[in-house]
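Hi everyone, thanks for coming. Please bring up the model on your screens, and we'll walk through it together.

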Amino acid sequence: MRQFPKNFLWGASTSAYQVEGAWNEDGKEPSVQDIREPFPNTTDFKVAADHYHHYKEDIKLFKELGLKGYRFSIAWTRIMPYGKINEQGIKFYDDLINELIENDIEPVPTVFHFDLPASLHEKGGWSNRETIDAFVTYCKVLFDRFGDRVKYWQTINEQNMLVFAGKVLDGNQASWKTIFQGNHHMLVAQAKAMKVYHEGNYGGKIGPAPNIACVYPKSEKPEDMLAAEYMSAFRNWLFLDAAVYGVYNHMAMKILKALDAEPEITEEDRKIMKENTADFIAFNYYNSMTVSAAEDNTDAQSKDQQSGFSIAGFFKSETNDHLKTTEFANWPIDPIGLRVTANQIYDRYRLPLLITENGLGQEDTMTEDGKIHDQYRIDYLKAHIEQVGLSIEDGVEFLGYCPWSAIDLISTHEGFRKRYGFVYINRDDFDLKDLSRHKKDSFLWYQQVINNNGIGL
Ligand code: BGP
C-alpha cells in the first residue's frame, strides 16, 4: 500500500521521431534520423505510429487511460527547418498542447530528443560551436510560443547516451575528443537555454533529462567499488553536476584527461554554466550497471544506450548474476536499482525528480479477438512503480512517473517489433496495415493504478 502525493504526475512518454511520422510534411526538414540507414531488418522513421495525423485520437485514449501528464518531444526540424521559423510546425505543437490541456493532461515537452536537423549535422553537428546558438534560438521560439501553457520543460533527452552510444543514436563515429567537445557545447547550450528561460519569466520549470543508472561493484573488493564510483561519475554525474551545479565532475574530468578528450572550455562557458542551472531533474531509468576494476587495456563502446561500456584503467562492465534480463538486448531488470538511483540523485542534488522513461520493450501478439495480453509489461511496471513508492517513503521528492511509452513506436535501433506502448498500433516493420489503435491489458491495468493513485497497484 504505497502512498503517492495527491498531485503526482502519472504520465507516459514518446519522442517526436519515434512516434510522429510525417517525416517530410508541412515544411519539416529531415533530421539525422531521417537521413541515416535504418538498422538491418527495421523500418525507417517515415510513418512511425503516424501520431502526427492521429494525435487527437491518441489524446482521447490518453484521457481514457487517465494520464495526468504526457511527455513528448518537439521536433526541431518542424519548428526551425534550415534555421527559419516554420508556422506550420508551430501549429502542430500548438494544437497538440491545446488538445492535451483541454483534456486535463499536462504537456511535458522535451526540446531535443536525438533528432538534430540534418543541415546542422552536415556542418559538424554538436562539435560545431555554432550549434549552440542555433539551439538557443530554437529554444527561445519554443518558450515564446508555448511557454504560457508549459510548466515543465526538459532540455536534452539522454545527452549522456548520445555521447556514449552516439553511433547507435545518431551515427556519430567521431573520436572521444570530438565527442566530448560536442558534449561540452551541449552543456553550454543547455545552460544558455535555461538562462533564456529564467530571464524570460515564463513561469514554469526547466531541467535536463539524462539516463541515470546506479552502478554496482562486481565484488566487495575496494578496487571494484572505486571502479563503480568512476563509472558513475563519468556516466551519470558529469551530466547532472553540469546541469545542477554548473561544474564538471572531478572524477569524470580525470577520465577525460586520460582519454585525451578534455574539452576546450572558455571562461565565458564556465560562467554561463555556473550561473544557469536546473529547477528539477527529469531522468530515464531502464537498468542498473555493474562494473569491476579494469584490468585490461581495452575501451569498449556501448553497443546501445542501456548497455555498459568500459574505459581502460577505470572500469569494466560486467554482468550482474543477481538480475534477470530483458528478451531484447539482454538489459538487466532491476526495480530496486531504480530506488537506489532515485535516492542517489536526490541525495546529491535535493531537487524534485521526474521519471521520464522506464518500460519494457517486447514483441506483443494480438489475439484473434483483438486483445493484447502483455502481463510481462504489467509485471515490469508494477515492480518499478512499487520502488518509486518506496523511494517516496525514503524521502525522495517525486513530481511524477512517465513510463515509456504511451503508444507503440519505433525503437531507437530495433524497429517497430520492439513494442513498449500501453496502446498497440496495428503495423509491422514492413507492413503499415491500418495503423489502428488497440488497448493492451497494460492499458487497463495502468488506468486502475492512476485511478487509485498507486494504492494497491
Ligand atoms: C531511451 C530513449 C528512447 C527509447 C528508449 C528505449 O534511451 O530515450 O528514445 O527508445 O531508450 O530504447 P530502445 O528504443 O532502444 O528499446
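Predicted model: local features only at pLDDT ≥ 70, side-chain atom pairs only at ≥ 80, totals over all residues.

**Rings on the inside**

Residues are numbered from 1 along each chain as its sequence is written, and side-chain values use heavy atoms, leaving out hydrogens and water.

Now, how many aromatic pairs are there? The count comes to 39, where rings of Phe, Tyr and Trp (its six-membered ring) pair if their centres lie within 6.5 Å; planes under 30 degrees apart count as stacked, over 60 as edge-to-face and the rest as tilted. One of these pairs joins tyrosine 152 and phenylalanine 280: the ring centres are 5.5 Å apart and the planes stand at 75°, so the pair is edge-to-face. It links distant parts of the chain, 128 residues apart. Tyrosine 152 sits in strand 4 (residues 152-157), and phenylalanine 280 in the loop between helix 13 (267-275) and strand 7 (281-284). Tyrosine 152 is buried too, at 17% relative accessible area.

Here is another pair: phenylalanine 309 and phenylalanine 315 have ring centres 5.7 Å apart and planes at 75°, so this one is edge-to-face. Phenylalanine 309 is buried at 2% relative accessibility, and phenylalanine 315 is buried at 0%. Both belong to a cluster linked by ring pairs, together with Phe164, Trp176, Phe180, Phe234 and Phe239.

Let's zoom out. The protein chain has 16 helices and 13 strands (DSSP runs numbered from the N terminus: helices are H or I with at least four residues, strands are E with at least two). Its radius of gyration is 21 Å, close to the 23 Å from the globule rule for 457 residues, so the chain is as compact as a globular protein of that length. That radius is taken over C-alpha atoms, and the rule is 2.2 Å times the number of residues to the power 0.38. Along its principal axes, the C-alpha trace spans about 55 × 50 × 45 Å.

What share of the 457 residues is buried? The answer is 63%. And among contacts (heavy atoms within 4.5 Å) between residues at least 6 apart in sequence, 77% join residues at least 24 apart.

Key. Buried < 20%, exposed > 50% of the residue type's maximum accessible area, 1.4 Å probe, protein only.
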